[in-house]
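Hi there,

Here is the structure I promised to pass on. My notes on what turned up in it follow below.

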Amino acid sequence: MEQKKTIFLTACLAFVLGAIGIFAYSPYDLWPLAFLSAGGLLWAAQQGSLKTALGAVFAWSIGYFGIGVNWVHVSMIQFGGVPELVSYLAVLLLAAYLALYNLLFTYLAHRFRLTNPLALAGLFTFTEYLRGWVFTGFPWLQFGYSQIDSPFFGLAPLLGVEGLTFFVVATSGLFLASFRKFQPACLVGLASLVALAFGSQFLNFIEEDKASQPTTISLVQGNIEQKMKWDPAFFDHTIRTYQGLISPLLGKSDIIILPESAIPALEVQIEPLLHQLQAAGEKSGSELIIGTLHRDQADRLYNSALVVGNSQNPYSLYQSSRYNKHHLVPFGEYVPFGSVLNWMREVFILPVNLSQGSFIQKPLVAQNQAFNMAICYEIIFGNQVQANQKAHQADFLLTISNDAWFGSSSGPWQHFQMARMRALELGKPLVRATNTGITAFVDHRGKVLAQAPQFEATSLTYKLTKTNGQTPFGQFGHWLIYGLSLVALLIGFRKRK
């Protein structure tokens, strides 16, 4: 009986330590809590028996993911017509699925008797890789994102967000080992690791291109409510809203950017409107980037983005250069596993199947400035953005999104924080145009330059300067942190008890 009580109390404490980790992320940004929460995960994973450890880690994961991604239920209730109880059950099931990767981490640590904090951080790197890859991946709430405003942010241009995650887990493990039993070696290792991470912020791989003229960019935030966006009765309202926001910017801004699928119709249905924007852009000297739903000549439907207003390359339905979204949202933009789960299409938000664009695509070019594109969800996949940047060396990163699905929850803020990390990793300014927020400009160090208020129909204008140089992460991607993690694992195997 006493043992069951101990196991129960351990699970309860693990749940609390997982739940408080969410406050390390936006919009709360209490980044030190990431170390406390990560320490809680390691403490849970190193319980004496494997059964107790697995139970504690599962409880930690339910607290961490169950609260951290609870914004998923907002779209299901408000726009999917799903009963509230079912929506929370779906969140619980998602949290339970994400817990599997932490359970794998725990099992392997026990199986191979790994206790070295650096080895555990290396092992965690690889289980997190699986979480970001299996079933197209869901790398949400990686510890590293919480550190973008911490003194340790300089690790991201070197090792990416995964490197920051390694740092959080390793330092938490070293502190935990020192706390359990005084070990001078752990304290020295902890101090050294913190000093190295702190010093990394002073490394300078990127500098502003002072020889180039700043580009005046305007972001249009239509603030079209999701309930009315696809309602034909409000189509004219949407058109008038965007016309009213765009007109004052023509001739004053070099580039005007609209959100993801800004006009709620297939591109072929709004072709006359796009030709009007083409003519207005040519006349005023402004070019526009707009998100559309494009059906190609092979009858494939894409979440797309294109440029209008360039006189040298005028808009054409089937010939314009465009970007087609590659990383689609499971059950949101497509149904995985083909016909096996096709019956679920009516249960979830968008009962449509979109086609997938190529992994590597040419940047969109407006006013001779190249934009490395990512539409909505895919900005969270750092490997894709890095691979495209390495292939084409765009001037700016651009993501267009529609987070209206998630209302005033923490989801849009977490999404924005992840987008900021892409700018820091690659040393390129980032432009983010959204329907309801968060619309913003971010500099090459991940800092917010300008931000529009959420849930307002407005525009945001900023003069953005290009940068020169390339970060180590931009050149080598994740190979550096994977190599470091492998070395840490091998050392851990040699030194295990």
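Helices here are DSSP runs of H or I with at least four residues, strands are E runs of at least two, and both are numbered from the N terminus. This is a predicted model, where local features need pLDDT of at least 70 and side-chain atom pairs count only at pLDDT 80 or more, while totals for chains, interfaces and linings use all residues. Residues are numbered from 1 along each chain as its sequence is written, and side-chain values use heavy atoms, with hydrogens and water left out.

Helix 12 itself covers residues 382-392, and its buried residues are G382, Q384, V385, Q386, N388 and Q389. Buried means under 20% relative accessible area, exposed over 50%, and partly exposed in between (1.4 Å probe, protein chains only). Those buried residues pack against strand 6 (322-324), strand 8 (369-375), strand 9 (396-401), helix 13 (411-426) and helix 14 (472-476); contact means heavy atoms within 4.5 Å.

Strand 8 also holds Q369, which counts as buried because its relative accessibility is 11%. Beyond its neighbours within four places in sequence, Q369 contacts T215, L364, D395, F396 and K466.

Two prolines sit in loops. P214 is in the loop between strand 1 (207-208) and strand 2 (215-221), and it counts as partly exposed because its relative accessibility is 37%. Not counting residues up to four places away in sequence, P214 touches D254, K463, L464 and T465. P336 lies in the loop between strand 6 and strand 7 (364-366); with a relative accessible area of 10%, P336 is buried.

Finally, F15 belongs to helix 1 (residues 2-19), and at 35% relative accessibility F15 counts as partly exposed.
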